[in-house]
Amino acid sequence: MDLAAAPPALLHRRHLHVAGDWVDPAEGETVPVENPATGDIIGQVPAGTPADVDRAVAAARAAFPDWAATDPAERAAHLGRLHTALALRAREITRTIALELGAPLKLAGRVQTGLPLTVLRSMVELAADPPAEETIGNSLVVREPVGVVGAITPWNYPLHQVVAKVAPALAAGCTVVLKPSELTPLTAYLLFDAITEAGLPAGVVNLVPGTGPVVGEALAGHPDVDLVSFTGSTATGRRIAHLAADRIARVALELGGKSANLILADADLATAVKAGVGNALLNSGQTCTAWTRMLVHRDRYAEALDLIAAAVAAYRLGDPFDPDTRLGPLVSAAQAERVRGHVDRALADGARLVAGGPGAPLPPRGHFVAPTVLADVHPDSALAQEEVFGPVLAVIPFADTDEAVAIANNSRYGLAGAVWSADEERALAVARRLRTGQVDVNGGAFNPLAPFGGYRQSGLGRELGRYGVEEFTEVKAIQR
Ligand code: NAD
């Protein structure tokens with residue numbers, strides 16, 4: 001398939017996936033799907049209803065006992081077949097993510113499609129090797145699947161966010177009802193095409209597309225859902241936790257972030273700035289772990305700003321299907337508007353514009369925002385405190401390491417961060433002081449087996465690897 005070929009006029013998906021079949025929704029309403037690079041409507045999916053959620057949860061409940069009792073090696077074999085079926089669709093997935101999210105093709109292929117395939121492969125191995133039983137005195141401690149999982153996912157990594165929930169839940173022996181983001185549901189349909197082809201047992205994974213306030217709330221508040229696994233904004237996570245609290249259901253929440261990138265005085269500045277800009281602008285800044293606050297030692301501050309401006313200038317904004325494009329649009333007009341509002345407010349708060357901003361040139365159509373760098377951002381200002389979720393970098397100077405750590409930890413979030421220093425021991429010591437779930441030292445690579453999740457308002461629980469599977473288990477002690 002030619003990845004850059006003109007997209008089909010409309011992609012209509014008319015069904016839900018329940019109990020192993022493509023089925024009609026209870027009602028006929030649909031949700032339009034937009035191409036954010038043009039503003040054109042490219043498809044429609046059903047607007048699910050609470051009745052659809054009831055049906056899907058019942059299917060997941062009915063499938064649970066057998067799936068929970070299935071031999072781990074057999075569950076792993078199912079996930080292996082799913083990996084094969086999904087890998088066969090890699091190019092179609094890449095193209096769909098470029099279409100409905102606006103991710104440039106290279107990013108859509110390498111990260112948006114490649115990462116979930118890697119995660120799914122890791123879950124095949126973890127499914128075959130379930131958490132070990134433990135003996136404590138006269139107790140045998142075992143882990144059992146928690147039950148029916150309601151998975152609610154965002155649009156920014158439309159396949160990865162889904163796979164990071166569905167695969168470990170299945171590996172642990174749980175059954176799942178998925179509600180993908182209404183902004184990027186077409187990618188989830190490709191996963192379910194692969195699930196159908198892989199022949200997973202009926203009802204083990206079910207799909208109900210639709211809006212958050214209707215399908216999301218019905219799923220999060222459903223009396224027969226044992227665990228709600230959610231990725232999205234902190235505001236929605238709070239609402240989901242309230243809904244689950246009524247029945248004391250468990251929640252796993254992967255929420256927002258405002259991560260700090262600490263560049264100490266002795267760091268390799270060119271490398272640190274290049275990586276820092278790349279991280280902040282990845283996926284047009286629509287990444288929960290984005291290092292959106294760059295903290296630079298005062299002695300290197302002026303030099304760093306020059307390097308940042310030069311790095312940002314290399315990011316070409318444009319058509320996601322053009323191989324030279326490095327930055328696509330934001331996912332929606334509302335998101336682009338929100339991001340511009342953050343920039344305007346930061347300028348009013350006294351930040352200094354280094355690149356991009358309101359006057360920067362933009363493609364004529366689509367929800368584009370120019371990559372924007374603001375310097376001298378006050379650590380307490382809105383730009384340093386609030387998640388922007390767009391291509392906007394706040395640069396903040398610091399005088400010494402204690403001040404850098406204090407600024408980094410001055411956040412209600414605690415998802416990720418970075419430290420750069422010529423002295424790795426020093427960088428590691430600083431990393432330990434950051435109140436976040438992940439820290440990368442001197443550009444340490446993303447590890448798909450490492451626990452992923454946040455402190456404070458960045459969430460509850462961990463995804464990926466062994467920790468991600470354990471999230472979907474209950475612990476039982478048997479005394480003898
Ligand atoms: P969002 O909270 O608006 O939506 C996420 C999902 O929740 C969507 O499927 C949406 O339909 C659903 N939803 C919305 N309202 C709901 C409700 N009342 N009840 C139940 N479900 C509801 O978030 P978004 O705009 O799709 O994603 C952007 C946010 O997600 C950012 O804040 C970002 O930081 C966060 N995020 C976090 C992580 C992480 O792993 N920590 C990863 C990606 C995105």
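Which polar backbone atom lies 2.6 Å from a nitrogen atom of the ligand? Select Leu 255: a polar backbone atom of this residue is the one. This is a predicted model, in which local features need pLDDT of at least 70 and side-chain atom pairs count only at pLDDT 80 or more, while totals for chains, interfaces and linings use all residues. Residues are numbered from 1 along each chain as its sequence is written, and side-chain values use heavy atoms, with hydrogens and water left out.

**Ligand**

Stay with the ligand. Next, pick Glu 217: an N or O atom in its side chain is 2.8 Å from a ligand nitrogen. Then take Gly 212, where a backbone N or O atom lies 3.3 Å from a ligand oxygen. Taken alone, the ligand exposes 840 Å² (Shrake-Rupley method, 1.4 Å probe). The protein buries 89% of that.

Now colour α7 (212-220), β11 (227-231) and α8 (234-245). These elements give two or more residues to the shell around the ligand. Helices here are DSSP runs of H or I with at least four residues; strands are runs of E with at least two.

**Core**

Move to the largest nonpolar core, which has 72 residues. Such a core is a set of buried Ala, Val, Leu, Ile, Met, Phe, Trp, Tyr and Cys residues joined through side-chain atoms within 4.5 Å; buried means under 20% relative accessible area (1.4 Å probe, protein chains only). Select Leu 82, Leu 170 and Val 205, which touch the most other members. Show helix α4 (residues 105-128): it gives the most to this core, with 12 residues. Domain 1 (3-255 + 457-479) and domain 2 (260-446) both contribute, so this core lies between them.

How values were computed
Buried means under 20% relative accessible area, exposed over 50%, partly exposed in between (1.4 Å probe, protein chains only). Domain bounds come from an automatic or database domain assignment. A polar contact is a pair of N or O atoms within 3.5 Å; within protein, one must be able to donate a hydrogen and the other to accept it, and residues adjacent in sequence count only if both atoms are side-chain atoms.
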